Amino acid sequence: LEQMAEAAEGDHNVLLYGETGTGKELFARAIHFNSNRRDRNFVVVDCAVLTAGLVESILFGHVKGAFTDANRDRDGLIRLADGGTLFLDEIGELPLEIQKKFLGVLENRRFRPVGDTAEVESDFRLIAATNRNLEKMAGQGTFREDLLYRLKAQKLVIPPLRNRKEDIADLVNYYLARISRRTGAEP
């Protein structure tokens with residue numbers, strides 16, 4: 001929690017490591033909503049569900065006519081995160097060719113929507129998360145080492161609940177209160 005508070009005070013990239021279900025998105029939201037960017041968008045991108053054919057359009061946006069179904073201009077998620085936070089969940093699933101393009105975006109906060117000739121700027125803060133060993137993937141050539149270097153200005157490892165048993169009572173009380181408010185029942 002101290003590391004999370006430190007991350008919220010800064011504006012640097014943060015890489016969250018943790019098993020599936022440890023609350024990486026919850027930590028990312030807590031960092032964003034306790035930061036100077038709290039009043040701007042928190043944009044979530046689940047890299048595990050991005051299809052290879054649409055990933056560029058989803059991240060960078062596109063202009064009308066850029067491809068067959070592009071019947072209007074559409075802002076990408078990076079542009080929507082302008083002034084706020086871009087959360088890339090499961091970044092280890094991002095295709096290598098997109099990793100290279102995204103590295104360029106991280107370096108200068110500029111990108112070109114699909115089919116456009118002009119570059120667009122986006123001042124976003126990046127928080128990325130993974131349950132994979134990116135260092136090992138970089139060694140195997142399945143994740144860009146230069147991107148990994150940029151991602152981990154601060155690295156937070158979120159331990160699984162089985163290693164934080166003292167948190168169980170607080171979590172149970174939180175969810176009981178939440179269910180009680182929603183249903184109108186006594187906790």
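Is Asp123 buried, partly exposed or exposed? In this predicted model, Asp123 is partly exposed, with a relative accessible area of 45%. Its salt-bridge partner is Arg37, and the closest N and O atoms of the pair are 3.1 Å apart. Arg37 lies in the loop between helix 2 (24-33) and strand 2 (42-46). Asp123 lies in the loop between strand 7 (120-121) and strand 8. The pair therefore ties together parts that are 86 residues apart in sequence. Arg37 is buried, because its relative accessible area of 8% falls under 20%.

The count of salt bridges comes to 15. One of them joins the side chains of Glu119 and Arg110, at 2.8 Å from N to O. Glu119 is partly exposed at 39% relative accessible area, and Arg110 is partly exposed at 28%. Shared partners also join Asp11, Arg37 and Asp123 into one salt-bridge network.

Helix 5 spans residues 96-108. Its 13 residues reach 19 Å from first C-alpha to last, close to the expected 18 Å. Its buried residues are Ile98, Gln99, Phe102, Leu103, Val105 and Leu106. Seen down the helix axis, they fall within an arc of 165°, so they line one face of helix 5. An α-helix has 3.6 residues a turn, so residues three or four places apart point the same way. Elements covering the buried residues of helix 5 include helix 3 (55-60), strand 8 (125-130) and helix 7 (145-151).

Arg150 is partly exposed at 37% relative accessibility, and Glu107 is partly exposed at 47%. Helix 5 is followed by Arg109, whose phi is positive, near 55°.

Conventions:
Residues are numbered from 1 along each chain as its sequence is written. This is a predicted model: local features need pLDDT of at least 70, side-chain atom pairs count only at pLDDT 80 or more; totals for chains, interfaces and linings use all residues. Side-chain values use heavy atoms; hydrogens and water are left out. Helices (H or I, at least four residues) and strands (E, at least two) are DSSP runs, numbered from the N terminus. The expected span of a helix is 1.5 Å times one less than its number of residues. Buried means under 20% relative accessible area, exposed over 50%, partly exposed in between (1.4 Å probe, protein chains only). The arc is that of the directions from the helix axis to the C-beta atoms. Contact means heavy atoms within 4.5 Å. A salt bridge is a side-chain nitrogen of Lys or Arg within 4 Å of a carboxyl oxygen of Asp or Glu.
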